[in-house]
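Visitor: I am new to this. Please show me how to read the features of a structure, one by one.

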Amino acid sequence: MTQLEAAAPEVLRAAMVRALYDQDAIVSKAVAAAFAAVPRHKFAPEAPLEQAYDLHGLLPVKKDSYGLNISVISAPHLQAVMQEQAGVEPGMRVLEIGSGGYNAAITQELVGPGGEVISLDIDRDVIDRARRYLDDAGYGQVKTLVADAESGLAGLGKFDRIIATVATWDIPPSWIDALTEKGRLVTPLTVCGTTRSVAFERDGNGLVSRSYRLASFVPMQGDGAAPDRKVMLREGVALQTDNEDVPLNAAALGRALEGDRLELWSGAAYDLPDELEWFVTLNLPCPARLYAGKDVIDSGLVEPSARLGVAALVSEDSIAYRTRRPNATTGTAGFESGVVAHGPQAEALAEQYAELLRLWAKDHQRRGAATIRYVHGEAPSPLPPGAARKRHGYVTVTWA
């Protein structure tokens, strides 16, 4: 092995930290030092070094029988963002929900020798793998535990920080109870099919947050798994929602999609798509998420906005969703937001959707305008705008 090859992990790790600084994923010296210290490649020895230190690359840990990831080590960019949201300090007790080993090692660097890190996962295989690589990388002080996070926190005591590294559809009361008075929960919260990493503070019996970032994680397993309602409208086109009040009439909606197409342009600028998507998802009266494969998009039947999922407004027999076009009408750079709709109610749904796009552009078109609350207990009926019902409570999102 040459000297360059022997130094490659350290060289790649230093470059990764510099790039995370440049992209504002890392903003503090403490998080930078932790990422510089932990040898990420030792937690995925089967991966090429370049992949291990790729800013936006995830590292598979375990797949299901269909070949889909059910456990991964998240991309460094997202892990850095969440660690900055968490604000872990020396001497803290931290619980990690969802284990891969690497993020727990980062957290151990942050809490230092006077702190404690517990990494919990429902899957024995995942925990055994994490344990092996933590020990190999020199982080034997990190504790590992096999448990279902929905009910497995009993007897673990209070934590200054809880960091979930799996997409959580709901927040069990035990998580709130396990936080110290000034504790913080950082979790990838999924609402109506879209996920944001949210940093919650305690607020009475509930939680409040003004810190949220776009995120993508494998879903939680076990008792806390999200309800999943999904239908295929035709080959290559799916509609998904976790809202039990949304009608999913696959036959009628499939016929609508194959029928006439209505386009309605809002006259509003298309900007900050992650913030816009969060806003419309929470304010559509019957929200679902529309997905379409490349072949269907290339055929022109469905807009490219559906490639990774787009917020849709549905009725029993009609559907509307967001699109964009070059902003030629005003002569300015950028794009104009619009709506594509199908079905007998296309015009009404399109106008409802377009009005939300106009409202966003007029009053809320900036980053970080939302305040997110989690309220434990029964949700009001009907739900107010910006709210989503959960198993143990409900989420409300308001925009400044």
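Guide: Let us begin with a term. A polar contact is a pair of N or O atoms within 3.5 Å; within protein, one must be able to donate a hydrogen and the other to accept it, and residues adjacent in sequence count only if both atoms are side-chain atoms. Here is a case: the side chains of T187 and T168 make a polar contact at 2.5 Å.

Visitor: What kind of model is this, and how are residues numbered?

Guide: This is a predicted model: local features need pLDDT of at least 70, side-chain atom pairs count only at pLDDT 80 or more, and totals for chains, interfaces and linings use all residues. Residues are numbered from 1 along each chain as its sequence is written, and side-chain values use heavy atoms, with hydrogens and water left out.

Visitor: Where is T187 placed?

Guide: Helices (H or I, at least four residues) and strands (E, at least two) are DSSP runs, numbered from the N terminus. T187 sits in strand β7, residues 179–191.

Visitor: Is T187 buried or exposed?

Guide: Buried means under 20% relative accessible area, exposed over 50%, partly exposed in between (1.4 Å probe, protein chains only). T187 has a relative accessible area of 0%, so T187 is buried.

Visitor: Which residues is T187 in contact with?

Guide: Contact means heavy atoms within 4.5 Å. Leaving aside neighbours within four places in sequence, T187 is in contact with A164, T168, W175, R196, S197, V198 and F200. Turn to W175. Not counting residues up to four places away in sequence, W175 touches I97, A149, L153, I162, A164, T168, L185, T187 and M220.

Visitor: How many residues does the largest nonpolar core have?

Guide: In soluble globular proteins, nonpolar side chains tend to be buried together. A nonpolar core is a set of buried Ala, Val, Leu, Ile, Met, Phe, Trp, Tyr and Cys residues joined through side-chain atoms within 4.5 Å. The largest one here has 56 residues. I97, I171, W175, F200, W278 and Y353 have the most contacts inside it. Helix α11 (residues 346–364) gives the most to this core, with 8 residues. Apart from it lies another core of 46 residues, among them A25, V31, V88 and L110.

Visitor: What does α8 pack against?

Guide: The buried residues of helix α8 (residues 250–258) are A252, L253, G254, A256 and L257. They pack against β10 (229–234), β11 (237–241), β15 (319–326) and β16.

Visitor: What does the side chain of E336 reach?

Guide: E336 is found in strand β16, residues 335–342. E336 has a relative accessible area of 4%, so E336 counts as buried. Its side chain reaches the backbone nitrogen of G267 at 2.7 Å.

Visitor: Is P384 buried or partly exposed?

Guide: P384 is partly exposed, because its relative accessibility is 36%. P384 lies in the loop between β17 (370–376) and β18. P384 and L282 are 102 residues apart along the chain, and their C-alpha atoms are separated by 10 Å.

Visitor: How do I read empty space?

Guide: Rolling a probe the size of a water molecule over the atoms shows where empty space is left. On a 1 Å grid over the protein atoms alone, a cavity is a set of points where a 1.4 Å probe fits but cannot get out, and a pocket is an open set with protein on both sides within 12 Å along at least five of seven lines; lining residues have an atom within 4 Å of a point. Grid points are joined across faces, edges and corners, and a volume is the space filled by probe spheres set on the points. The structure holds 1 cavity of 30 Å³ or more. The largest cavity has a volume of about 340 Å³.

Visitor: Which residues lie nearest the centre of the largest cavity?

Guide: The cavity is lined by 32 residues, of which G98, S99, D121, T165 and V166 lie nearest its centre. The elements that give two or more residues to this lining are β2 (69–73), α4 (76–86), β3 (93–97), α5 and β4 (116–121).
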